[in-house]
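My entries follow the structure.

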Amino acid sequence: MKNIMVLGGTGFVGAHVCEKLVRQGFNVTVPTRRRRNAQRIQHLPSVTVLELDVHNAAALTQAAVGHDAVVNLVAILHGTPAAFDKVHVTLPQALARACAANGIERVVHISALGADDQRPGTAPSEYLRSKGRGEAIWLHPAQSAPALDVTVLRPSVIFGAEDKFLNLFAKLQAVFPVMPLACAGAKFQPVWVEDVADAVVRCLVRPVAGHAAQALPCIIEACGPDVFTLKQLVQLAARLAGVNEGRGRPVLALPAALGRLQAWMMELAPGEPLMSRDNLDSMRVDNVSGGQLPGLGTLGIRPGALEPMAAQYLRSGQSNQGLLGLRNRAR
Ligand SMILES: NC(=O)c1ccc[n+]([C@@H]2O[C@H](COP(=O)([O-])OP(=O)(O)OC[C@H]3O[C@@H](n4cnc5c(N)ncnc54)[C@H](OP(=O)(O)O)[C@@H]3O)[C@@H](O)[C@H]2O)c1
């Protein structure tokens, strides 16, 4: 296996996946809707950035020619039901056909903790319901479809130098004197971006322990070692970033109705919303491992703890590590 196509390779997790694949000697192709979105990865050796409309099935099939495996990291966090369906369901459908047309058997698909391939409709939000339907494309293909060797990764919330999660909490508290917070008690099991990227690469380079080389489709939960409430994460972000001399701001847990109103107002604001009502719906179910499915340990990964990693980047606000940090180090 030599040539890997990484959809979503320009994103937060995708850039780390590309870096690791490059380090392992793979040739990596990254389709992107806009070349300028690929700034973080275009300097990586053996990465080819392809500007194309990934929703154009014919273009996607053409882009997949000559590849041995595909990684799909494309997703959106906000949108209409139709937009979620287009990105999380229709795109994987087209990708599965592109794989079949090109004889590509190995696929790693990144989903999300809380998605359910068996009963997608039971998930609490449109994001998670569409993620579940997207998983089902790979895990329950039509009998006539060619057999693919698929691994679905389901991460909890992912932290790392470029995350839009701890960084956002720290920035908001640097500006506002109090933090009004919806779903303050929702639980998460944050996982380090490097561990998720490692998992993707290990899924590609070797069969998952306990499965034969031509592994049956399987699901792996990608979670960190510790569980936090949202309120604890907000407080930790401020402390690690040194906001208000490390004391952070008072966190005001909002009752459900006020939280919904806040999210609705954020949806009305211009640009990408900080929070949507669908995000709140996702948090109705704790984002922690159910303990029934294999975790990162299956891949030989001992997930890193949040505090020491986050402390490194929350103070400086940027990553200077590895090949991806080259641009920052050069400044
Ligand atoms: N970050 C987290 O905390 C978290 C938690 C759980 C699961 N996940 C999952 O992990 C995967 C990677 O997440 P991430 O945080 O790295 O995402 P991200 O930074 O938002 O990147 C998403 C990628 O999707 C592409 N994309 C976005 N909107 C698109 C659209 N409408 N049509 C086509 N392509 C589009 C973008 O590519 P171009 O702009 O180059 O076209 C981008 O590279 C996703 O499947 C996500 O659901 C993430």
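The entries below start with the ground rules and then take each topic in turn.

Ground rules. I number residues from 1 along each chain as its sequence is written. The model is predicted, so I note that local features need pLDDT of at least 70 and side-chain atom pairs count only at pLDDT 80 or more, while totals for chains, interfaces and linings use all residues.

Domains. I find the protein chain divided into domain 1 (3-158 + 192-222) and domain 2 (166-187 + 226-286 + 304-318), with bounds from an automatic or database domain assignment. Their C-alpha centres lie 28 Å apart. I list 9 residues of domain 1 in contact with 10 residues of domain 2 (C-beta atoms, placed from the backbone, within 7 Å). On the domain 1 side, helix α4 (residues 126-139) supplies the largest share, 3 residues (helices are DSSP runs of H or I, at least four residues, numbered from the N terminus).

Ligand. I count 21 residues around the ligand, and Thr10, Gly11, Val13, Thr32 and Ala75 come nearest (C-beta atom, placed from the backbone, within 6 Å). Helix α1 (residues 12-23) gives the most to this shell, with 3 residues.

Helix pair. I looked up α5 (residues 166-175) and α7 (residues 230-241), which pack at about 70° with axes 8 Å apart (axes are fitted to C-alpha atoms over the stretch in contact, and angles run from 0 to 180 degrees between N-to-C directions). That makes α5 roughly perpendicular to α7 (65 to 115 degrees). From α5, I note Leu166, Phe169, Ala170 and Gln173 in the contact; α7 brings Leu233, Val234, Ala237, Ala238 and Ala241.

Technical notes: Helices (H or I, at least four residues) and strands (E, at least two) are DSSP runs, numbered from the N terminus. Angles under 35 degrees count as roughly parallel, over 145 as roughly antiparallel, 65 to 115 as roughly perpendicular and the rest as oblique. Two residues are in contact if their C-beta atoms, placed from the backbone, lie within 7 Å.
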